[in-house]
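Take a look at it first, and then we can go through it point by point.

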Amino acid sequence: MVVPSKVFFTKGVGYHEERLVSFEMALRDAGIAPFNLVYVSSIMPPDADIVPRDEGLKYLSPGEIVYCVMARESLNKAGEKIAASIGLAVPQIHTKQHGYLSEHHCEGMSADECAVRAEKMAAIMLGTIMHIDVNPELDWNEQEKAYLASGKIIKTSNISEEAVCRDGVWTTVISAAVFVC
């Protein structure tokens with residue numbers, strides 16, 4: 001059984017005339033290009049420590065199979081804005097209950113707008129399994145206060161990246177939660 005003990009968050013931007021190469025450049029910018037990335041669903045493991053990117057990278061070796069939750073957007077329309085975000089919601093008793101990660105990617109939104117969506121989705125997913133009833137009509141700031149006031153969710157956060165597409169090249173943005181086993 002593989003249960004990650006650590007997670008770190010990273011983001012990056014890449015530009016190139018080839019879409020795949022722009023993705024590689026974004027991975028390089030994020031510091032995770034030398035790994036074989038395997039995308040997994042959105043569960044934040046119970047008791048996993050959140051560590052800084054530089055610390056998390058010390059535990060990984062080039063060529064290693066590494067699990068991650070990734071948001072990714074690529075576009076080649078000059079002047080268009082793209083964004084990618086990972087949201088996080090962690091429960092009060094993180095040693096017994098998993099949290100949630102969510103990914104959101106979009107065209108035409110800023111990193112902040114994309115981040116609100118990702119963070120909100122993670123909080124909703126965690127809130128529903130913890131039976132926290134929050135009015136969906138409230139704006140995110142009010143919803144976040146309600147989730148945190150429940151005493152069952154102690155943290156919500158996000159990591160987001162945005163870029164404006166350049167003329168004649170593909171632009172790729174990524175945000176990722178990278179697991180260390």
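1. How much accessible surface does the protein have, and what share of it belongs to carbon and sulfur atoms? The accessible surface (Shrake-Rupley method, 1.4 Å probe) comes to about 9,100 Å², and carbon and sulfur atoms hold 50% of it.

2. A word on the source: this is a predicted model, in which local features need pLDDT of at least 70 and side-chain atom pairs count only at pLDDT 80 or more, while totals for chains, interfaces and linings use all residues. Residues are numbered from 1 along each chain as its sequence is written, and side-chain values use heavy atoms, leaving out hydrogens and water.

3. You will find 4 helices and 9 strands in the protein (DSSP runs, H or I of at least four residues for helices and E of at least two for strands, numbered from the N terminus). From the N terminus on, their order is β-α-β-β-β-α-β-β-β-α-α-β-β.

4. Of the 181 residues, 48% count as buried (under 20% relative accessible area, with a 1.4 Å probe and protein chains only).

5. Now to Ser 74, which sits in strand 5 (residues 65-75). Ser 74 has 7% relative accessibility, so it counts as buried. Its side chain makes a polar contact with that of Thr 172 at 2.7 Å (a pair of N or O atoms within 3.5 Å; within protein, one must be able to donate a hydrogen and the other to accept it, and residues adjacent in sequence count only if both atoms are side-chain atoms).

Terms used: Buried means under 20% relative accessible area, exposed over 50%, partly exposed in between (1.4 Å probe, protein chains only).
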